[in-house]
Amino acid sequence: MSDKLLKDTGKAGLYHLPSTRREAIERTAGKLHFQTLSVNLIECRTMAQVLQQLGNALRFPIWYGANLDALYDCLTDSDWQPGAGHVLLIDGLDSLRLADPEHFVTLVEVFQAATEARRESGTPFWILLDTPARGLTALPTK
């Protein structure tokens, strides 16, 4: 994995990350001193559980209300986890997709909107899901 891709703010966004590429992404993000945060949601079968786990794992501020608006606000807040770039590795959303497909789609839409908003800030912001979703492309190789 090249540094060039992760530094490219124009390509930063929401992608599917096949498990075979995870280690390379983590290594490259570390080399670039990006904030790399991982969340495992395999035990979460409801949106409420997902939102609570995201807040805990991503160390959102105390005002985080564990709802979709608050999730968006935290992800787009440049003061949350300051850094040269961010890589959020989110695993286990298959559980929510199977149990509650409508909320799964909504959550993916919020992630997409947050990455688009962060793109305008000029700081690379990546959200990488191990779970495929409709319309979600795989992380480019270059």
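**Salt bridges, aromatic cluster and overall fold**

A salt bridge joins the side chains of Asp91 and Arg22, with N and O 2.5 Å apart. This pair connects distant parts of the chain, since Asp91 belongs to strand 3 (residues 86-91) and Arg22 to helix 2, 69 residues apart. Both Asp91 and Arg22 are buried. The model is predicted.

**Salt bridges**

- Five salt bridges turn up in a search of the whole structure.
- Arg22 and Asp91 also belong to a salt-bridge network that includes Glu26.
- Asp3 pairs with Lys31 in a salt bridge whose closest N and O atoms are 3.4 Å apart.
- That pair, too, links distant parts of the chain: Asp3 is in helix 1 (residues 3-7) and Lys31 in helix 2 (residues 22-31), 28 residues apart.
- Asp3 has a relative accessible area of 21%, so it counts as partly exposed, while Lys31 is exposed at 57% relative accessibility.
- Arg27 and Glu23 form a salt bridge with an N to O distance of 3.5 Å.
- Because Arg27 and Glu23 are four residues apart in helix 2, about one helical turn separates them.
- Arg27 is exposed, at 53% relative accessible area, and Glu23 is exposed at 56%.

- Three aromatic pairs are found in the whole structure.
- One aromatic cluster is formed by Phe60, Tyr64 and Trp80.
- Cys74, a residue of helix 4 (residues 68-76), contacts Phe60, Tyr64 and Trp80, as well as Pro61 and Trp63, when neighbours within four places in sequence are left aside.
- Elsewhere, the charged end of Arg97 sits over the ring of Phe104, 5.9 Å from the ring centre.

**Overall fold**

- The protein has six helices and four strands, in the order α-β-α-β-α-α-β-α-α-β from the N terminus.
- The radius of gyration is 14 Å, which agrees with the value near 14 Å for a compact globule of 142 residues.
- The C-alpha trace spans about 35 × 30 × 20 Å along its principal axes.
- Of the 142 residues, 46% are buried.
- The protein exposes about 7,200 Å², and 50% of that area comes from carbon and sulfur atoms.
- Among contacts between residues at least 6 apart in sequence, 71% join residues at least 24 apart.

How values were computed. Residues are numbered from 1 along each chain as its sequence is written. This is a predicted model: local features need pLDDT of at least 70, side-chain atom pairs count only at pLDDT 80 or more; totals for chains, interfaces and linings use all residues. Side-chain values use heavy atoms; hydrogens and water are left out. Rings of Phe, Tyr and Trp (its six-membered ring) pair if their centres lie within 6.5 Å; planes under 30 degrees apart count as stacked, over 60 as edge-to-face and the rest as tilted. A charge sits over a ring if NZ of Lys or CZ of Arg is within 6 Å of the ring centre and within 35 degrees of the ring normal. Helices (H or I, at least four residues) and strands (E, at least two) are DSSP runs, numbered from the N terminus. The radius of gyration is taken over C-alpha atoms; the globule rule is 2.2 Å times the number of residues to the power 0.38. Buried means under 20% relative accessible area, exposed over 50%, partly exposed in between (1.4 Å probe, protein chains only). Contact means heavy atoms within 4.5 Å. Accessible areas come from the Shrake-Rupley method with a 1.4 Å probe; for residues, only the protein chains shown count as cover. A salt bridge is a side-chain nitrogen of Lys or Arg within 4 Å of a carboxyl oxygen of Asp or Glu.
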